[in-house]
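Student: Could we go through this model together? I would like to begin with how strands are assigned and paired.
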Amino acid sequence: MPAKKTAKKADIKDLVIRVCVGTGGLAAGSQEVMDEFGSQLKSHGIKAEIVKKCVNKTGCRGFCAKDVLADVILNDKSETYQLLTPEMVSRIVEEHIVNGSPVKEWLVGPEYHAFHDKQTKILLKQCGHIDPEDIDAYIKIGGYEGARKIFSLEPSEVIEEIRASGLRGRGGAGFLTGLKWELCSKAEGSPKYIICNADEGDPGAFMDRSVIEGNPHSVIEGMVIGGYAIGANYGYVYIRAEYPLAIQRLKIAISDARKKGFLGENIFKTKFDFDIKIKEGAGAFICGEETALIASIEGKRGMPRAKPPFPAHKGLWGKPTVINNVETLSTLPTIITQGAKWFSSIGTEKSKGTKVFAITGKIKNTGLIEVPMGMSLREIVYDIGGGCEKNCALKAVQTGGPSGGCIPASHIDMPVDYESLMAIGSMMGSGGMVVMDDTTCMVDMAKFFLSFTQNESCGKCTPCRIGTKRMLEILTRITNGKGREGDIELLLELGNSIKLTSLCGLGMSAPNPVLSTIRFFRDEYEAHIRDGICPAAVCKALRIYTVSVELCKMCGKCFKACPSAAIAWEKKQPAKIDKGKCIKCGACYEACPFNAIL
Amino acid sequence: MPDIDTLFLFGSNPTEAHPIVSIWLKKALRKGAKLIVGDPRKTWMAKRADIWLNLKPGSNIAMLNGLVNVILQKGWENKDFIAKRTEGFDELKAKVKEYDLARVEKLTGVSKENIVEAARLYSHADKAMIVYGLGVTEHRTGTENAMAIANLALVCGHLGRPSTGIMALRGQNNVQGASDLGPLPATLPGYQSVKDPKAREKFEKAWGVPISEKIGLKSVEMLDECKAGKFKGLFILGEDPAQTDPDLNHVNKALESVEFLVVQDIFHTETTKHADVILPGASFAEKDGTFTNGERRVQRVRKAIEPLAGKAEWQVISELATKMGYCQSYRNPSEIMDEIAGLVSHYGGISYERLEKESLQWPCPTKDHPGTTTMYTDLFARPNGLALFMSLDHKGSGEVPDKQYPFVLITGRVREHYNNGSMTRRSPGIMELVPEELVEINPEDAEKLKIKSGDMVTVSSKRGSVRAKAKVTNRSQKGNVFMTFHFDKALTNILTSEHRDPITGTPEYKACAVRIER
Amino acid sequence: MKHARLMQYCSEYWEEALSENKIKITINGIETLCDRDDTILKVAKKIGVKIPHLCNDKRLEPYGGCRLCIVEVKGVPRPLPACTTPATENMEIITDNDSIRKLRANLIELLLSNHPNDCMRCERTGDCKLQNLSYEYGVDGSRFEGEKWDLPIREDNPFISYEPNKCILCGRCTRICNEVVMAGTIELTGRGFNSMPDTAFKKPRTLENCEFCGQCVSTCPTGALTDRKGRGKGRSYDLKKIKTTCSYCGTGCNFYLNVRDGKVVKVTSDTDAPVNQGNLCIKGRYGYDFIHSEDRIKTPLIKIGDKFVEAAWDEALDLIAEKFSSLMKKHGNESVGAFSSSRCTNEENFLLSKFVRTVFRSNNVDNCARV
């Protein structure tokens, strides 16, 4: 059996297989792939404990479009396979691991490298490399060094270091983290609390989930650093219950950290006590808002309260509380070990460091990316994202989640940082980025986001509860072809009034998608209202369905699909749509195999 | 009150009996105050307590002595306060030594850990207040129970500062005022003794008649005398002893025996059945006057409608006096208050005119006095200004369960009804919610007796029996049952015992032995 | 000279104020001192500046839900709610100008756009905060017409009527229930436009989930929550309100008896009451039926044989006077006595005490304080 011999000959210590087992990976079947690697290696006579050592799971590396992804590192030479299935594993083991020649056609292509090369990974560096369920793997790459280091400093010195780094909150508003800490540390009251906000609710956003799944210890270490700096002995991680894998990994990580003496009493053999509790959210978007989150931890209905007083003064149980999001916290260890100076050298003058974005929508390389602040939107969309799908023309990019704003393609060269995004009527948010091409109707898109925020409004304040409802009703009538003269002005009036009078960030930013699309795409609104046309041909009520005689293959599928008998068709005759009877449901459009319905 | 950091609630169920006081207590709890509850029933407050001392009925003194003992043993007492402002400490210390944890656990049924923890919480507090209710006073040792509470507060020095002290929650709207203004056998209005010649002289001058120096009969004694045939005529103003007094059979006999009974009330009651003449009363909506609440706040009652029967009580009493040869000619109750102000120094500065503009708590001796909110800030009401520790012994209830009557009956109120129910039972809405008496019985006991919620049961004591529906609930602990006295169809006070506090004459409503049968 | 003394007084005043940790703020150009944690609304009220609001009740924690109390604060780019914003040193506040009024009008329009606007048959007309604001700001909800709640009135219990359509989500009812009474009967349910106060699982109110204290009714600014027993018996302006003290327990709560045509038809809260600040329990708020109960004793009654016979006052009092006099003559002064009641007024207790001493000439008088 030559194969067995070769495997034995190979220095197994030099073999490492890393399989991506984030939520995306698992959904694509990475657990099965990993198991198959194990059993294949064993069938080649390799001992179970060695197999266990060299087949590693890792968190998400961002390029989710090509899951399952796995690295095979043999004698320091790393090859990455994409779109793996368990059936493919035996050939990889046979040809690559045993015989030393990688299976070329299954390796990742240039877009994988392009996707990664433009990024600057601080936060995501270890995601996709280390085993998230192994504390030693984290320690091995320098984990908990930051936490160890701070105990030789005064809390005020830690705060000063973070201030000097220029780190701003990655949860949305971009408040200076060091300043927030300083306010809290100086606030009267005890005990104090530090809360990790992992209630990631923006549709399409999965930055926080990936970090916790891929590198949970970095979050814990960040909380230890924050806790020490502000003088908090208790930390909470508020995480949405829809993230079972992240919760599980976090629980493992917390329990391992306790065992190592990194959490609990007298952590790191100092006099400082610090421990963390996990609080699972119940699926309300609003609970990502810090004061609503506090109410939720306190066991109340998750509703925001007015600020001031800010949580740094009166937070959880009325005590001084710092709330940082996952990304902010997991950046901290690196800042402490590498220094504020190093960190502040990355990014722009006012926006330091890197930012993680989840890019989705009409873009080729959807996934998770980390780039330095200030990178141009163009680089993100084209160089990393690979441009629009099907080579359609880019129309706009929505940043900041459902309550962010739309940036039109004409501003593609703008830098992505806090100030520039604000100036254009959008915001950084938590890092969602939705790319839209010319098949997107901007009115419809604004309606979609507004219906999300309207549904998720907690109902506490009048403008958000009723105001967004009324805006949504106006948008709905516009997309239904029943828009009236004056509707745009009414939207603007309502939108601006809601922005000014709402209680929390949700309401204050809910009109953004509408206001920014009116600002940049007012003509589309006018076309809907005045001409009864949806330029992107998305709004069904405004569409006039016709059959292209050239493309029609006379199959009759549209005829059968039509629920209102609006289509006339006979065998060997092209179909014909009666506009009077058509209810614009789009069933024929869906049914036509030849794209003959226009 | 909301600044309290530790609240010790003893023998009081304010969420039911004093809902508005409970709102203040709840505010303190919401602000994070610790809560200790001493109560045999698992009340709303007991459920939320940090420590629930689920003591057996009648074991108050053992409980309190035990707490004081723990505090002294552990050195948690306020030595400075004890030295400067009290006396009798050594005697107390010797006495409470007899109440070690094991004995107190046995007497009260409360676990040692809870006793120690309660002692720790109370003694370590900065601003601790004790609030007690009728669960303390309605025992034959009622006065001693209250003294034992005072011992606890004094040992820790939790007195005389804002948000500290002892607060007694009293039963009826004008208990305070009715005591203040002298329908008492030993004192003239303002607690001025009939034995005091100076006081008598003052009143004789004002009223123009000689005042008897002989102490009169207490209500209980008057009833006893009635039964004995020595007492001939009785005027009962707005009272229903035939439902609300304990040992009703005795009361009924007394009222039957008296030769001439006048009852003035707004409704027919158990008592009016015995009357020779019934006079209609005016409800609080039909007359002017004042009530004095538990914190000595004198507040106006204002006439909203004309008296339904044409006259209010003050007019009736005046006319009757005039008819009997003592002329009374008040034009309105305001003039009566002016007379009170002239005779009772605590009320000296109070007039209707002032009450229109401000809220006054007595002592308010003069027209320009602002009234008094906190008492005993630096001196106690004893000649030397020092508080005296009282060494007390556990005596238990007058009647304890035995084989024949194995349960302890605790009586009290529910939120929806009031006393004999003559007012609340006339609200259709309230009757829709709480239509009848419910005997609260512990699930374990109920199972043994094969009783389900809603079953009719007979509750009997040595003195009689009543039938009512059972409610199986763990609000009652094993061995205890609870009933109210709001319903005329189930006269609970037929069951209650004849034992009384010898000092105040308050009956032992809170514990008697009963049997439960289906 | 006078001026100098005044100046000195002023500077002393300021010094004292500052030493007490007071801070200076300016509202509509009026300088004033306040405590550090005072809200803008509280300070404004103190100096007589009116700021409209719907969700504020002094019994409750500041909420900031209705947004009507927004004011401009110098240096802050967006308006702030006066009810939740604490005053800070040298804060300069404008409570009323065109842009603030426009925003407020917008909010009122939004509220009215989901409101039945049936004031002509509403229980609260004349006493409704929303109605008053609509009048003051001259707006209705017609510009923002859209979906409106169309829910039936809920009268599933004897005391509290709930018309959800009139609810403006100010949260006062749910907060008073949870913050003050801690009964947990109602809480906001649902999300977005469909949020509304309700019981858990929309169950009817029973003693299982409700204390029937009516605190929620007492704080409701519109006609959403009303006292069921008082409905249709007269609007606020039809009723004579007499402030009095409760005759149940010894707490000493004040409230208003609402009287129409010689009948007590409702009890309403007196939020200035020193003891209860407008809070009441089921007995105080709803236990007034006994006043006009059918079986009130309306005339004196004299027992003849086994029956009570109606009598005139003079007849009855003559009989009593005669009977007591003869008993005293026959058996001595000590053979008669009186019980007084802690249910009666101070004046009555005093009078009875006086009566026994001056007419019976004994001390045989006692009350039920000990019972």
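Tutor: Two strands pair if DSSP finds at least two bridges between them. Helices (H or I, at least four residues) and strands (E, at least two) are DSSP runs, numbered from the N terminus. This is a predicted model, in which local features need pLDDT of at least 70 and side-chain atom pairs count only at pLDDT 80 or more, while totals for chains, interfaces and linings use all residues. Residues are numbered from 1 along each chain as its sequence is written, chains are lettered from A and ligands numbered from 1 in the order in which they are written, and side-chain values use heavy atoms, with hydrogens and water left out.

Student: Which strand of chain C is joined to strand β9 of chain B?
Tutor: Strand β15 (residues 336-339) of chain C is joined to β9 (residues 233-237) of chain B by 4 bridges, and the two run parallel. Within that pairing, B:Gly233 has C:Val336 as its bridge partner.

Student: How many residues of chain B and of chain C are in contact?
Tutor: The contact (heavy atoms within 4.5 Å) involves 143 residues of chain B and 110 residues of chain C.

Student: And what area is buried between chain B and chain C?
Tutor: The size of an interface is often given as the accessible area lost when the parts come together. Here, buried area is the accessible area (1.4 Å probe) that two parts lose on being put together, summed over both. Between chain B and chain C it is about 10,900 Å², with carbon and sulfur atoms giving 65%. B:Ile20, B:Phe284 and B:Met324 supply 6% of the area that chain B buries against chain C, more than any other three residues.

Student: How many salt bridges are there between chain B and chain C?
Tutor: The count is 8 salt bridges, each being a side-chain nitrogen of Lys or Arg within 4 Å of a carboxyl oxygen of Asp or Glu. One of them links B:Lys214 to C:Glu334, at 3.7 Å from N to O. There are also 54 residue pairs in polar contact between chain B and chain C, both residues being at pLDDT 80 or more. A polar contact is a pair of N or O atoms within 3.5 Å; within protein, one must be able to donate a hydrogen and the other to accept it, and residues adjacent in sequence count only if both atoms are side-chain atoms.

Student: Which helix gives the most to that side of chain B?
Tutor: Helix α16 (residues 313-323) of chain B does, with 9 residues.

Student: Let us change topic. How does the radius of gyration of chain B agree with a compact globule?
Tutor: Chain B has 24 Å, which agrees with the value near 24 Å for a compact globule of 518 residues. The radius is taken over C-alpha atoms, and the globule rule is 2.2 Å times the number of residues to the power 0.38. Chain B has 20 helices and 21 strands.

Student: What is the strand order in the open sheet of 3 strands in chain B?
Tutor: The order is β12-β13-β14, with antiparallel pairing. The edge strands β12 (289-292) and β14 (360-361) of chain B each pair on one side only. In β14 of chain B, B:Leu360 is the bridge partner of B:Val298.

Student: Finally, what about chain A and chain C?
Tutor: That contact takes 36 residues from chain A and 34 residues from chain C, and the buried area is about 3,000 Å². The interface has 3 salt bridges, among them A:Arg484 with C:Glu145 at 3.8 Å, N to O.
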